[in-house]
Each structure stands twice: as structure tokens, then as C-alpha cells.
Amino acid sequence: MKQNGHPRLLVLLLLLAGLSHSPATSQIIPEVHGTTLSGTPVDLPAALKGKVGILVIGFSQGSRDAVTVWGKKLAADYYDSPRVLYYEMPVLASVPRLMRGFVTSRIKAAVSDRGKSHFIPLTEDEPVWRSLVHYKAPDDPYLLLVDAQGTVRWQTQGQASDVTYAAMKQQVDQLQAHQGATSTR
């Protein structure tokens, strides 16, 4: 009986995606003391206690659409998850201070009411974030998967393809299992 090679190819692609997107060294995200667009204060990594974090970071207006696609996919799977927090995080640190309020209000107007609680504009540490995500392309979204301590465990950049999203979900599941095993010790 001839086997279809597609399932094996998908598994191989998922493994390669996970390997090629893993950080070379463990890095911790900078502390974030921000407010979501819904007005909720958030402190990272403290808010991640016992949870997995998914951070989608954009550095330009050109990254907005791709960040939004990631956000919609994440909302479909993790919107009310008690074990996974996700945030879309536009980096506004290079926007002149006098313009930040205007830019933030335009972003807020474009984000659905449902999405506002998962949206944190970043106004500090742009060079640190760029280094952390291995910044290359200004219009790409950058995704970081972080553990409960804020340590980057997996990352990728670019569009949310089905293969990349599946690889990210697999990494989330593995990290949840690892954190669950660690917390029961």
C-alpha cells in the first residue's frame, strides 16, 4: 500500500520551522510597564507567572497588517486562555513624544474593542527589542514565545503562514507541558 508523503512532509517542515526559529541563546525580555488599549496596566514578565507568553512586535506602520494577522490567529486560539497570554506590541519609541498620543489614538481606533486588551504600545527600549528579535526588516512582524520568567524560548519573524503558526502552537504546547511539569515538582 502506497503511503501519502504529505503528512511526513508537514511533520518535517514543522520540525525544521521549530529548529530554524529557536533562539541561539536564552534571552529575557525587558521589563514592560505598559497599559493595554483597553486601559489595563500590564507588567511583563510579572504578568506571565505560570503562563506562556506570545508577543507579536511591530516596528513600523508597514508591519501593521502582518501583526494583525498574527493577532487574529492568536485570538482564535488563546483569547480567553488561562495558560497563555498574547500581546500585539507596536514599538513607538522612535515616534516623537508629541506625536505618540496621536499615533496611539489612531491605532486604538483601528483595533477592535475585543482586541484592545491584547494590545500594548511600547514606548521604551526600542534598541533592546530590536536586538532581542534579531531585527532585519522594518515591515516584518516579530514573534517571541516566552516562558513564565520572560525567557525567550522560540521566535520567528514574518507572515503567519499555516506552517509557521502550527510550529508556534507546537512550541506553546511543549512549553506548557514543561512549565506544568516544573510547577508540580
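His 134 lies in the loop between helix 4 and strand 5 (141-146). Its phi is near 60 degrees, a positive value in a residue other than glycine. The model is predicted, and every value here is computed from it.

**Two residues with positive phi**

Asp 125 also has a positive phi, of about 65 degrees, although it is not a glycine. Asp 125 sits in the loop between helix 3 and helix 4 (126-133). Are these two residues buried, exposed or partly exposed? His 134 is partly exposed, because its relative accessible area is 42% and the class runs between 20% and 50%. Asp 125 is partly exposed too, with a relative accessible area of 32%.

| Residue | Phi | Relative accessible area |
|---|---|---|
| Asp 125 | about 65 degrees | 32% |
| His 134 | near 60 degrees | 42% |

**The chain as a whole**

The chain has five helices and six strands. From the N terminus on, the order is α-β-β-β-α-β-α-α-β-β-α. The chain holds 185 residues, and 43% of them are buried.

The loop between strand 2 (41-44) and strand 3 (52-58) contains Pro 45. The peptide bond that leads from Leu 44 into Pro 45 is cis, and its omega is near 5 degrees.

Gly 158 belongs to the loop between strand 6 (152-157) and helix 5 (162-183). Gly 158 is at 9% relative accessible area, so it counts as buried, a class that means under 20%. In sequence, Gly 158 and Asp 140 are 18 residues apart. In space, their C-alpha atoms are 5.0 Å apart.

**The surface**

Which residues form a nonpolar patch on the surface? They are Leu 98, Met 99 and Phe 102. Together they have about 360 Å² of accessible area. Leu 98 is part of helix 3 (residues 97-110). Leu 98 has 84% relative accessibility, so it counts as exposed, a class that means over 50%.

**The largest pocket**

Rolling a probe the size of a water molecule over the atoms shows where empty space is left. The largest pocket has a volume of about 790 Å³. It is lined by 31 residues, and the closest to its centre are Arg 64, Thr 68, Ile 107, Val 111 and Phe 119. Helix 2 (64-78), strand 4 (84-90) and helix 3 are the elements that each give two or more residues to this lining. Helix 2 gives the largest share, six residues. What classes of residue make up the lining? There are 16 nonpolar, 10 polar and five charged residues.

Methods:
Residues numbered from 1 in each chain as written. Predicted model: local features only at pLDDT ≥ 70, side-chain atom pairs only at ≥ 80, totals over all residues. Heavy atoms only, no water. Patch = residues over 30% accessible without salt bridge, like charges linked within 9 Å, V, L, I, M, F, W, Y side chains within 5 Å. Areas by Shrake-Rupley, 256 points an atom, 1.4 Å probe, with all protein chains shown as cover. Salt bridge = Lys/Arg side-chain N within 4 Å of Asp/Glu carboxyl O. Helix = DSSP H or I, 4+ residues; strand = E, 2+ residues; numbered from the N terminus. Buried < 20%, exposed > 50% of the residue type's maximum accessible area, 1.4 Å probe, protein only. 1 Å grid on protein atoms, 1.4 Å probe; cavity = no way out; pocket = protein on both sides within 12 Å on 5 of 7 lines; lining within 4 Å. Points joined across faces, edges and corners; volume = space filled by probe spheres on them. Nonpolar A, V, L, I, M, F, W, Y, C, P; charged D, E, K, R; others polar.
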